[in-house]
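Let me put the sequence and the structure up on the screen.

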Amino acid sequence: MFKDKNILITGGTGSFGKCYTKTLLERYKPKKIVIFSRDELKQYEMAQTYNAPCMRYFLGDVRDENRLKEATIGIDYIIHAAALKQVPAAEYNPTECIKTNIYGAQNVINAALANGISKVIALSTDKAANPINLYGATKLASDKLFVAANNIAGSRKTRFSIVRYGNVIGSRGSVVPFFQKLIQEGAKELPITDTEMTRFMITLQQGVDFVLKNFERMKGGETFVPKIPSMKITEVAKALAPNLPHKIIGIRPGEKIHETMCPGDDSHITYEFNNYYMIAPTIQFSFITDFSINALGERGKLVPRGFSYDSGTNTQWLSQKDFLELLQ
């Protein structure tokens, strides 16, 4: 469905944007890929590798609605990946996080509606489910904006959906490169916030593939959640450095012990499919009445009342061996 299409990625110079671009170029023949981001150096560096004739680099910030409207002229699909994502940084700089993650989301919606974009998928996070930190709260607000945008679209063709997943193995700012840097620098111990802490784990390519598939599955308003394994952070540390001791440093501002992707309070609108869950919108749409069947005809079933998809009670767990294989 991406052949001869124009695709724009906000925050496109990040880990996800690069992998998504690489995948589009390798598997499809898009007419145009627009990388929308605010860092000219990152765009220059990305352009050294991704310089196919269909590539376009567009400087701009999602906080700037007019610039987004210019960038999205003629675009078919948008992947909204731009966000301020560091949990402690958001706790100390809440207004900046709100400007990008909430106001920026609304600007993407406005630009999509103004230019008749066909489909928009916004990247969410496990921290948006039952949020306790500012980052998670802004992403929950963003998710709600994208869901409600389907009603605002009305008879217009634009549809909006959300993809939510957990910790991306090896992505910038995550625990894996942090541990690897300490190990390379000759650290005598690895810092652990809490010995019970768990996280959902997904590779960058798995995340990209999931988003690509959901462009085909989406009707509008869904939150797609992949079925992925969990891992204890202590096991991550042991896999990377089996002989290094751990130092308990305490939970950072805004951190959880376990993450949730499907809250129990949403169990009455959560459907289980073969390899993913889908949370239907809490509000009603005039154009969709049955979310148990996706646009591909795949059928899901409602989960039991009170069901919660939690990294601490997950039935799938990643071993150290499997983790190292995925890391490669």
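This is a predicted model: local features need pLDDT of at least 70, side-chain atom pairs count only at pLDDT 80 or more; totals for chains, interfaces and linings use all residues.

Residues are numbered from 1 along each chain as its sequence is written, and side-chain values use heavy atoms, with hydrogens and water left out.

So, the sheet. Helices (H or I, at least four residues) and strands (E, at least two) are DSSP runs, numbered from the N terminus, and two strands pair if DSSP finds at least two bridges between them. Here we have an open sheet of three strands, in the order β7-β9-β11, with mixed pairing. β7 (167–168) and β11 (230–232) are at the edges with a single partner strand each, so one side of each has no neighbour in the sheet. β7 pairs with β9 (residues 198–202) in the parallel sense, over two bridges, and V168 stands opposite I202 in β9.

Next, rings. How do we describe a pair of them? By the distance of the centres and the angle of the planes. Rings of Phe, Tyr and Trp (its six-membered ring) pair if their centres lie within 6.5 Å; planes under 30 degrees apart are stacked, over 60 edge-to-face, and the rest tilted. The whole structure has 16 aromatic pairs. Take F2 and Y28: they're edge-to-face, 5.2 Å centre to centre, with 65 degrees between the planes. That pair links distant parts of the chain, 26 residues apart: F2 is in the segment before β1 (6–10), and Y28 is in the loop between α1 (15–27) and β2 (32–37).

Is F2 buried or exposed? Buried means under 20% relative accessible area, exposed over 50%, and partly exposed in between (1.4 Å probe, protein chains only). F2 has 0%, so it counts as buried, whereas Y28, with 23%, is partly exposed. Ring pairs also link F2, Y28, Y77 and F215 into a cluster.

Last bit: charges over rings. That needs NZ of Lys or CZ of Arg within 6 Å of the ring centre and within 35 degrees of the ring normal. R159 lies over the face of F287, 3.7 Å from the ring centre. K227 has its charged end over the ring of Y277, at 5.2 Å from the centre.

And the cavity I promised? A cavity is a set of points, on a 1 Å grid over the protein atoms alone, where a 1.4 Å probe fits but cannot get out. A search of the whole structure finds one of 30 Å³ or more.

Technical notes
On a 1 Å grid over the protein atoms alone, a cavity is a set of points where a 1.4 Å probe fits but cannot get out, and a pocket is an open set with protein on both sides within 12 Å along at least five of seven lines; lining residues have an atom within 4 Å of a point. Grid points are joined across faces, edges and corners, and a volume is the space filled by probe spheres set on the points.
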